[in-house]
Structures are given as structure tokens and as C-alpha cells.
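User: I am new to this structure and would like to learn how to read its features. Could you take me through them step by step?

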Amino acid sequence: MSEAPRPPNLEVAGLRSGYHGVTVLKGLDFTVGDEIFAVLGANGAGKTTLLATLARLIPVMAGSIRFQGRDVTQLRPYTTAGLGMGYVPQEKGVFADLTVLENLTVGGMIGRRPHDERIAEVFELFPGLRDLQGQKAGTLSGGESRMVACGRALMQDPNVLLLDEPTAGLSPLYVDMFFDKIRELHETRGVAIVLAEQNATKALQVAHRVMVLSLGEAYAVVDAADLTTQQLKEGYRI
Ligand SMILES: Nc1ncnc2c1ncn2[C@@H]1O[C@H](COP(=O)(O)OP(=O)(O)OP(=O)(O)O)[C@@H](O)[C@H]1O
Ligand SMILES: [Mg+2]
């Protein structure tokens, strides 16, 4: 007998959210499977609002979010994190006064696998962090800090990782390294990734599907290979 198909990692329907009664996301519908799903769009398009809403940090005004078949629309962030939704915010992804190791340890408070095993995996993915373990996160460079933020989310053993512009402001070497790591995470650990990005060229090199957000609306949701320059330009309103 064949098994029932697994539900998608994320099913978003009619999603509206925003701030203090101002609607930013104006009714989004999309699904995320076992894939790298890029969310592209100009400054202010609503990428951060979308990821923070998915992570349940911003109240939903209307619509629903299902995570692996379960309705999480009204759940709290720590609950969705416990279910396997990891979130790396665009800014402030680390505790500045804690060391690198302490930051990772805090992330590992969710999840059941042995701590040491998970820390070893983070160091395997980001070898540069091993030598920085005892350093206060607030004194790290931008690139190092992004690695710690990412490592902290990975300590929760997520099935889905929401990454908000992980390479913004980083030097080209770091940008390339980070995109390689995103691909590696997906291919070798099976983590589905929602990647908010300004850098369309780079994102399209790793993404399977892409959504172009334009003023809070999904201008296009297509296979990355099928996205036309015209769609991209119109979505970015340039
Ligand atoms: N805390 C907030 N309170 C009120 N409005 C906000 C808040 N955060 C964002 N906004 C507004 O919501 C809209 C979408 O912002 P958002 O940060 O989601 O865009 P973005 O696509 O992530 O942009 P960027 O590429 O610059 O990070 C913008 O018009 C912004 O001014
Ligand atoms: Mg943003």
C-alpha cells in the first residue's frame, strides 16, 4: 500500500499581516515543499514582514499558515520553533553579550539530540566559528555574526529555515561562501529554506522556486529557471 503524500512544509493561504492596523502583506498564497524557496523584492516589498509573520512574531490579520500540515496561524514563536521552524532575522540575530558558544547553546535549548553533537555539526558547517567560541558575539564581524545567527537557528534542528537576507552587507567572499552553505544545508541535511533576498542573481543560482513580492503582493510565484527578466523588473518596479 502506498503511503499518503506528505503535506508541504508550508501552505500559506490568503495571508494578510502588517503593523498597527496598516496592512503590508495583502493576501499571499503559496506553498513551500522540500526546496529552496526565494522571496525577492525591492526594499519595503514586505520580505521581512513575511518571514517574521511565518515565524509567528507578527500577528496574522487574515488567512492561514500551515506547517507540515498543522495549522500554526495562532501559535507562539517558541512553539513553531519547537515544531521545527527555524528563523534567522535580518538583524539582531545574536546576543551581543554572550559568547559564540553561549549563543549556540541558547539555540540548542529546543530539541532533543545531544548538544555536543549539534554543536559539532554547526562547526562542521562553519569551521571558522570553532576558533571564535569564547568571543563575545557583539565583537564579531558582520560575516561572523551571520554565521552565529545561522548556527543558533540550526541548533534547533529545523526542518524549515527562514533566512532573512543572510548576506546583506557582506564582502563578496562571504556572500559566495554563504550561498554555498545554504545549498549544502538543503542538499546534505534536507532542510527546506525560505530565503528573503535583494540579490536576485545570487538567489536564483540556489533557489528552486521564487516569489517576487511587490508592495506586499505576490507578483509572480514560478520555478527559478522560468523567471523572466521582465517579471523581475516589473516586480521590482524598475
Ligand atoms: N515595525 C514596523 N512598524 C511599521 N511599519 C513597518 C515596520 N516594519 C516594517 N514596516 C513597513 O512595512 C513595509 C515592508 O517592510 P519590510 O521590512 O517587510 O520590507 P523588506 O522587503 O524586508 O525590505 P528590505 O529589503 O529593505 O529589508 C515597509 O513599508 C515598512 O516601512
Ligand atoms: Mg527586510
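User: Is E184 buried, partly exposed or exposed, and how do I read such a label?

Analyst: Buried means under 20% relative accessible area, exposed means over 50%, and partly exposed lies in between, with a 1.4 Å probe and protein chains only. E184 has a relative accessible area of 30%, so E184 is partly exposed. K181 has a relative accessible area of 15% and is therefore buried. This is a predicted model, in which local features need pLDDT of at least 70 and side-chain atom pairs count only at pLDDT 80 or more, while totals for chains, interfaces and linings use all residues. Residues are numbered from 1 along each chain as its sequence is written, chains are lettered from A and ligands numbered from 1 in the order in which they are written, and side-chain values use heavy atoms, with hydrogens and water left out.

User: What joins the side chains of K181 and E184?

Analyst: A salt bridge is a side-chain nitrogen of Lys or Arg within 4 Å of a carboxyl oxygen of Asp or Glu. K181 and E184 form one, at 4.0 Å from N to O.

User: Where do K181 and E184 lie?

Analyst: Helices are DSSP runs of H or I with at least four residues, strands are runs of E with at least two, and both are numbered from the N terminus. Both residues belong to helix α6 (residues 172-189), three residues apart, which is about one turn of the helix.

User: How many salt bridges are there by this rule?

Analyst: The count is seven. R113 pairs with E117, with the closest N and O atoms 2.7 Å apart. D157 also forms a salt bridge with R113, at 2.8 Å between the closest N and O atoms. That pair links distant parts of the chain, 44 residues apart: D157 is in the loop between α5 (142-154) and β7 (160-164), and R113 is in the loop between α3 (100-107) and α4 (115-125).

User: Which residues are linked with R113 in a network of salt bridges?

Analyst: The network holds R113, E117, E121 and D157. As for accessibility, R113 is partly exposed at 26%, E117 is partly exposed at 37%, and D157 is partly exposed at 29%.

User: Is helix α1 mostly covered or mostly open?

Analyst: Helix α1 (residues 47-54) is mostly covered, with seven of its eight residues buried. Among them are K47, T49 and L50. Just after α1, R56 has a positive phi of about 70 degrees.
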